[in-house]
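Here are my notes for you, written as numbered points. Keep the model open while you read and look up each residue as it comes along.

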Amino acid sequence: MTEYWGVKAEDIFNTMKDRFRVEGAKGVDAVFGYDIEGAGKWKLTVKNDSMEVEKTDDLSGCVTIMKANEENFIGVNIGKVDATNAFMSGKVKLEGDMGTFGKTTKMFKKYVPAKKVMGTGDYIQDMFSTLVARFQPQGASGLDVSITYNIGGEGGGVWTAYIKDGKCELKTGQPDKPTTKLNVNEAKDWVDVMLGKTDPFSLLSAGRASIEGKTEIALKLGEIFAKYAPKIKEFTTKDYILDMFGTLVQRFQPKGAADLDATITYDIGGEGGGKWTAYIKDGKCELKEGQPEKPTTKLCVNEAKDWVDVMLGKTDPFSLLSAGRASIEGQTAIALKLGEIFSKYIPPSSGGEAEKEELLVLKKTISVNQRFATGPIMGRFLNALKEKKIFTNKCPKCGRVHLPAREVCAECRIPATEWLEVGPKGQVRYMEYVYFSSPDPLTGETRETPYGMLNILLDGCIGNDTFAHLVRRDQINLIKNGRNDVAGTRVRPVWNEKRVGSIFDIKYFEIDE
Amino acid sequence: MSHRKKNRNVGIIGIGQTRFSSHREDVNQPEMIHEAVSAALKDAGLAMKDIDCIVHGNMELFEMVHQPDCWHTLGTGAYGKESFRITTGGTVGATLSCAADNLVASGMYDIVMAIGFEKLQEGHTTGGITNMADPLWFRNLQTGALTGSKAYDMISEFGEERAKKASVMYRIIMDKHAVKNPMAHRAFGLEFEQLDDLVRTSPKLVGDLKLIEMCSQSDGACVVIFAEEKTAKKISKKPVWIRDHITVHREETFILFGYDEKHPVPMTHRFAAENLYKRNNIKEPLEYFDVFEMYDPASWWAVDWIRDFFQLKDDEHLKLVENKEIMIGGKMPINPSGGVIASNPIGATALVRIAEAALQIRGDAGDHQIPTEVKHALASGFGGTMWTVLTMLEKDLNW
């Protein structure tokens, strides 16, 4: 079992019980498996408001098994690896029922690594894992060299960059005779150099570092590789929340909290959220996960992202409160003093110094009432739905029928004048089996998945003049598509009691047998 | 379809792209556009004063900004110049190129700059696409840009295993290309060994369309500068000539399915390709072209469309994919840039195809340059519910 970012896979499993959120597990009765390459297998049993996790060799009976290597599993859990990318590119895999597994994300509070500040080892790991990405071919043109970094002390190791033909490859260990070898006695010194806190020449002259082989290559390192910058850009909500609470105690200002004896609970919902409580007494501050029975003040924020925006100065807290997206319980006065009790949160992207000019993102929500005139043709089609009838019109030239009715045949460019009643029953030609539902931007609603959208060849229609509508949700797995002379499942519309002349006067289609 | 020869020859003399990414919160829209404008001017060795006219386009209302060209004047440099706004859905980038080409060819302007951009993160992509549907009945039914119908078609025709593998094989090849393109948004580092795994485990979106097979949503801009022959030859050492372009639209319809061989559905891609090749006397497009930059929003579509664009029969298109002939170094390299599946700033996307095809002809594509000489390139645009724009680019003025 290996550590990544100071975390072992077992740390994540061992803390599951503490991180379990009963409200996120409501109605779940399932066994999940985790197969972590190099670290072993775990089985998670969830039954309504209780859970068990055990290390096991037998993952039989699991509805879903997650497979990943240690690095990716830990990275995703602590927000160091982008979960979507890892999942899309197959670095994290799910076998079995994906939908149910999705619920595990709501079941646990975020894993917060014990180590909150990046240690020397983390920096070293990050530096070398980004080395190839920082390689600048233009700075290395014509070079055919191997550069070995021999870093001693805690977090150290030996790595070699092989540079040839404008390409760079990094391997651990070193060749027999590297072109250039950089020896640094203490990893910490090298981190300082890379972060620009120390200059390399003082290390060399102090004998804390040395260069073997071709020195001129070492002097060119600044051209060969772009400057190392600790990961900043891809901070997710989770990372920010983690970092905010990770730095809360450091940001405590005793002056602003004189005579204060209070517990302040942050209850942050949504992805990346969790519950933390700051215990403030005698000019000291301590942060714990969870909350006491009666905190002096409790700040509830529905969405972690909103809180991040507040902390980064992108949104003001009062608009959140007034929009009902956040609330304060207990003593409101303390909440108003938070700006004095803690110094402003500064994201790591600004290199530890307050940004001179903040980049803002302005948020707007547009809501517009729209009215669309149907015109006589669509009007007739929609009006007929009130009478439980489906009307189409036929092209006098090619015989094509349109669904819904159209003003002209687009292919023949002549008015389609002859009205025809078709259906209402028909056969399915094709069903879109939708697992991923795009939110409807007009209503903000997301359809429950999976659902099916049908292309139905209504009786009386020919060829590809199909009609689109939804299928009764519990029947999606029973639908068979038609093709050529083979007919698909027969379906019939289910009409609404109250009909207003809309496509949803038909609730959906159901199997007709 | 009547079609006349150009009054004047037109060449591409400048190309600029931003890096494509899911988040460009560090710049606003005009600033982002300006990055590409500056890059293109630098590439051409021109200054803003040299540009006679600007055509500007993106997806209509995807960012909910009406007439964004007004605001963007700060970044486009269009102040005091002739300027047109064009928006034709997914094809907009290709239409920008067609318009710039026509404006120069007509003799109205000597140098025209085409600007395509999108900041999808600032709006709502699915919202935009949903708004495209007929509001009288279809808006609440459609599923955004996602469809499993092409997967269903190909599985019906070639069997489940072969079809699914071909689609993921295509996807992995595109990723192999994207890794070589520093501008690409998504570059995962996929390996061919992952093929079976991805077929099995990538989550399904709609039908057999899987997450890995669908394009991303990106921010970014692309700028291409066009000039008439004499000016182009004077300014640029390596002008790339626009030989011809064709645009084919169908009526707005989301029902594209042809499940009855007695009633074939006319495909705009095949139709456009047929007509373009006929009037340019291209008998064997697969032999003629050296590279193809295809608008490939999803890998199922991409594999299927290879058949349409190259007028292939039966499973010839599948074989091209399976034998990796579409890779850089293969018989018909497709999307050395990684394609749309890797980066999709929609309003810029189709213009990127033309820009990348031109870079290949110039030999300036960097790590994703095709090793052999590129003389003839094809670029496609796709959009609307079934719209096609095809552009032919040439190294030499010899047709």
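1. What covers the buried residues of H1(B)? The cover includes strand E1 (10–17), strand E2 (53–57), helix H2 (68–76), strand E4 (111–119), strand E7 (219–228) and helix H8 (229–235) of chain B. "Buried" is under 20% relative accessible area, exposed is over 50%, and partly exposed is in between (1.4 Å probe, protein chains only). Helices (H or I, at least four residues) and strands (E, at least two) are DSSP runs, numbered from the N terminus.

2. A word on the source: this is a predicted model, where local features need pLDDT of at least 70 and side-chain atom pairs count only at pLDDT 80 or more, while totals for chains, interfaces and linings use all residues. Residues are numbered from 1 along each chain as its sequence is written, chains are lettered from A in the order in which they are written, and side-chain values use heavy atoms, with hydrogens and water left out.

3. Back to H1 of chain B, residues 29–44. Its 16 residues reach 23 Å from first C-alpha to last, close to the 22 Å expected at 1.5 Å a residue (1.5 Å times one less than the number of residues). Among its buried residues are B:Ile33, B:Val37 and B:Leu41. Handy to know: an α-helix has 3.6 residues a turn, so residues three or four places apart point the same way. Just after H1(B), B:Gly45 takes a positive phi of about 70°.

4. Now the interface. 57 residues of chain A are in contact (heavy atoms within 4.5 Å) with 52 residues of chain B. The two chains bury about 4,900 Å² between them, 58% of it on carbon and sulfur atoms; that is accessible area (1.4 Å probe) lost on being put together, summed over both parts. In chain A, A:Met88, A:Asn464 and A:Arg483 lose the most area to chain B, together 14% of what that side buries.

5. Charges meet here too. The rule (a side-chain nitrogen of Lys or Arg within 4 Å of a carboxyl oxygen of Asp or Glu) finds four salt bridges across the interface of chain A and chain B. One of them joins B:Arg200 to A:Glu95, with the closest N and O atoms 3.2 Å apart.

6. Last stop: is A:Asp192 buried or exposed? A:Asp192 counts as buried because its relative accessibility is 14%. This residue lies in helix H8 (residues 187–194) of chain A. Not counting residues up to four places away in sequence, A:Asp192 touches A:Lys197 and A:Thr198.
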